[in-house]
Amino acid sequence: MTGPLYHKGWYHLFYQYNADAAVWGNITWGHAVSKDLIHWLHLPFAMVPDQWYDINGVWTGSATILPDGRIIMLYTGDTNDVVQVQCLAYPANLSDPLLIDWVKDPSNPVLTPPPGIGSKDFRDPTTAWLSPGGDRWRITIGSKVNTTGISMVYETEDFVKYELLDGYLHEVAGTGMWECIDFYPVSVTAENGLDTSVNGAGVKHVMKASLDDDKNDYYAIGTYDPIANKWTPDNPVLDVGIGLRYDYGKYYASKTFYDQNTQRRILWGWIRETDAEELDILKGWSCVQSIPRTVVFDKKTGSNLLQWPVEEVEKLRSHTSVDFNGVKLGPGSIVPIKVDSPSQLDIIASFEVDKDAIFETGANETESSYDCPTSGGAASRGKLGPFGIIVLADDGLSESTPIYFYIVKGANGTTETHFCADELRSSKAADVDKIVYGSTVPVLHGEKLSIRSLVDHSIVESFAQGGRTVISSRIYPTAANGSSGRVFLFNNATGVSVTASIKIWKMDSADIRPFPFDQQQL
């Protein structure tokens with residue numbers, strides 16, 4: 001994911017692409033456009049590795065839209081000497097809504113690794129924001145010093161000449177190389193997104209880094225002091241790289257942009273493959289982009305973001321839905337839900353847990369702690385969990401992907417809710433990852449437990465509690481695909497009953513094809 005933007009009625013998606021094979025290499029910028037973020041038209045490549053400063057790859061970059069409408073694209077190039085440098089490009093014709101042609105600035109590279117930074121540890125410039133004086137622009141770039149992940153800030157007037165500011169915007173020991181950094185404001189009072197330059201009262205700033213060491217995207221919420229060139233996390237325990245993640249599944253190298261058309265901040269992420277590279281080569285493609293998500297501050301908890309699929313995806317829903325309300329799920333129960341075409345679904349489910357049973361459960365009757373990845377999945381039973389939905393399952397459950405909650409009760413009587421996705425039995429194929437993903441999810445007093453899952457053949461994106469915790473599952477069903485797939489409600493807890501409601505829409509396919517240049521109008 002690189003340089004997303006909105007221009008003259010079109011959303012633009014640029015992405016790293018290898019035209020030669022479904023493996024890493026020959027990194028070129030693919031380019032697609034959309035009117036609605038769902039249906040996409042492929043355009044010719046935006047940029048190819050054809051200069052000494054990017055001959056080994058046109059890597060990740062970010063777009064900045066200036067007040068006069070000009071578009072600045074900064075990206076990382078990998079030189080003929082395998083040095084990571086920052087480069088400047090811009091549209092050849094700003095009046096072209098499709099932005100087909102791009103020009104690389106003759107001053108490239110505009111930034112090279114500063115002293116003390118490794119030649120392979122200097123990449124992925126962010127969208128720029130205005131300095132306090134309003135006359136200069138700032139960007140941040142990720143790197144590391146030994147094993148400390150860092151965020152450096154540069155200031156510029158013209159995007160050609162830069163000054164490295166003293167100190168680091170932020171650093172976290174032990175987190176390793178920070179790549180694909182994102183830095184943006186969120187409103188703590190309003191529902192709309194904010195332009196990247198906004199700061200002041202009622203604003204927090206999100207710092208996100210993709211950790212090269214473990215290939216996960218971490219974020220933290222804090223306060224930005226532009227005078228001191230410092231960002232400070234609200235909670236150091238939940239700092240970048242050691243606390244919250246955008247997504248607890250296969251999700252990496254994400255990027256947000258401010259959609260000035262709808263005043264939303266929209267997040268894109270890269271969902272990687274989990275099968276063998278040889279299989280990717282055979283099928284001729286590898287990796288997908290996630291459904292775009294809106295990002296807002298969670299005003300109820302005050303401690304996390306809310307991610308939610310953009311509303312445009314609902315245009316793919318069928319006109320009618322399958323609805324079941326008040327389904328009683330006793331301990332150990334499973335209920336099939338009849339759905340045609342279960343490989344493309346939008347599912348919303350809610351669960352009410354027997355509060356008396358939770359109150360009467362002693363702390364010594366549940367685990368003192370729980371961790372989705374080491375739990376053994378949905379087959380491992382406890383007093384207060386697991387319970388949820390099962391998607392992409394066959395009739396006999398030889399293949400299945402449960403998305404579920406698991407509650408534990410502490411010695412002080414408080415409960416902790418975990419949200420998990422179990423891929424241990426998601427596929428009979430041998431050469432695929434089979435892991436349980438997940439983490440805790442905040443649940444406030446009086447809230448029902450809720451799941452929304454977007455099912456698309458081999459991808460399941462699941463959102464708990466309105467998007468407080470999100471899991472993207474990359475799976476490869478062999479028996480539970482097409483019309484043979486099934487959906488279930490289940491409760492595998494031993495000591496609590498659950499009342500469930502579920503609403504399911506069949507989903508049409510997005511229209512993704514080459515741009516029809518022979519047509520006069522779209």
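**Cavities, a pocket and a sheet**

The largest cavity has a volume of about 50 Å³. A word on terms. On a 1 Å grid over the protein atoms alone, a cavity is a set of points where a 1.4 Å probe fits but cannot get out. A pocket is an open set with protein on both sides within 12 Å along at least five of seven lines, and lining residues have an atom within 4 Å of a point. Points are joined across faces, edges and corners; volume is the space filled by probe spheres set on them.

This is a predicted model, where local features need pLDDT of at least 70, side-chain atom pairs count only at pLDDT 80 or more, and totals for chains, interfaces and linings use all residues. Residues are numbered from 1 along each chain as its sequence is written, and side-chain values use heavy atoms, without hydrogens and water.

Back to the cavities. How many reach 30 Å³ or more? Two. The lining of the largest cavity includes Met1, Asp124, Cys180 and Lys255. Strands E5 (58-65), E14 (178-187) and E19 (252-259) each give two or more residues to that lining. Strands here are DSSP runs of at least two residues, helices (H or I) runs of at least four, numbered from the N terminus. By class, this lining has five nonpolar, five polar and two charged residues. Ala, Val, Leu, Ile, Met, Phe, Trp, Tyr, Cys and Pro count as nonpolar, Asp, Glu, Lys and Arg as charged, and the others, Gly among them, as polar.

The second largest cavity holds about 40 Å³ of space. Among its lining residues are Pro185, Arg265 and Phe297. E14 and strand E22 (293-297) each contribute two or more.

Now the second largest pocket. Its volume is about 820 Å³. It has 32 lining residues, with Thr415, Thr417, Val443, Leu444 and Leu449 nearest its centre. Elements giving two or more residues include helix H2 (355-360) and strand E26 (344-353). Fifteen lining residues are nonpolar, ten polar and seven charged.

Last, the sheet. Six strands form an open sheet, in the order E24-E35-E26-E31-E32-E33, with antiparallel pairing. Pairing takes at least two DSSP bridges between two strands.
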